[in-house]
Amino acid sequence: MTSDQLKIPKATAKRLPLYYRFLQYLYNSGKQKVSSAELSQAVKVDSATIRRDFSYFGALGKKGYGYNVQYLLSFFRKTLDQDELTKVGLIGVGNLGTALLQYNFTKNNNTKIVAAFDISPEKIGKKIGEVPIYSLDQLEEVLEKEQIPVIILTVPASAAQGVTDRLIGTNIKGILNFTPARLTVPPNINVHHIDLAVELQSFVYFIKHYSDHSEKMDGKGKKDYNR
């Protein structure tokens, strides 16, 4: 993205891959144009939000016509750097780490785990889903050699900050943190926390305490699960 595009709201940025995935489906189906209402029904984001998200990038559609699918797909492919591979490293090859290695973002052409790290002698030197597992002692060496900018952290919470402190001295730009620990990093490293236990707890609370009539609405009578 350009510096101007980086100024879009984070909520909008999170929805862009969702739009892109559905546009791929439409294009592969031979559909040439799509309205914001059709997009809304498919991705479960209200039409006004979609139009506002698109407006940050200028005039992407025409009033009364909608959006050209091929043009939008091409635009978001460039915006999301879909033609440029981002290498990812994973630290902590436990149950969750193993599952992520086996999946390895097969639906994303621009993101791939290329190296994993662990302290277990039984895992070091082996491969999972064609991804080699290195000793954690080789962390800095491999990250520099492979030019890896993003790390997925799936280590025990007690080890999270210690591993992160080592990452601070590398060229890492972002950490996807699956541990409950809240990491301390300098401003040049972005951290996104994914606590599955908290997410599940929040979801259970939601389904227990909100009826169909009291669910969060988007202001136009539609349920909003995307904010």
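Reply: Buried is used here for residues under 20% relative accessible area and exposed for those over 50%, with partly exposed in between (1.4 Å probe, protein chains only), while helices (H or I, at least four residues) and strands (E, at least two) are DSSP runs, numbered from the N terminus. This is a predicted model, in which local features need pLDDT of at least 70 and side-chain atom pairs count only at pLDDT 80 or more, whereas totals for chains, interfaces and linings use all residues. Residues are numbered from 1 along each chain as its sequence is written, and side-chain values use heavy atoms, with hydrogens and water left out.

In helix α5, which spans residues 95-103, the buried residues are G97, L100 and L101. They cover an arc of only 100° around the axis and therefore sit on the same side of α5, the arc being that of the directions from the helix axis to the C-beta atoms. An α-helix has 3.6 residues a turn, so residues three or four places apart point the same way. The face of α5 turned away from this buried side carries the exposed residues N95 and Q102.

As for what covers the buried residues of α5, the cover includes the strands β4 (86-91), β5 (111-118), β6 (127-128), β7 (131-135) and β8 (150-153), where contact means heavy atoms within 4.5 Å. Following α5 comes N104, whose phi is positive, near 45°. A positive phi, of about 55°, is also found at Q147, which is not a glycine; Q147 is placed in the loop between α6 (139-146) and β8, and with a relative accessible area of 53% Q147 is exposed.
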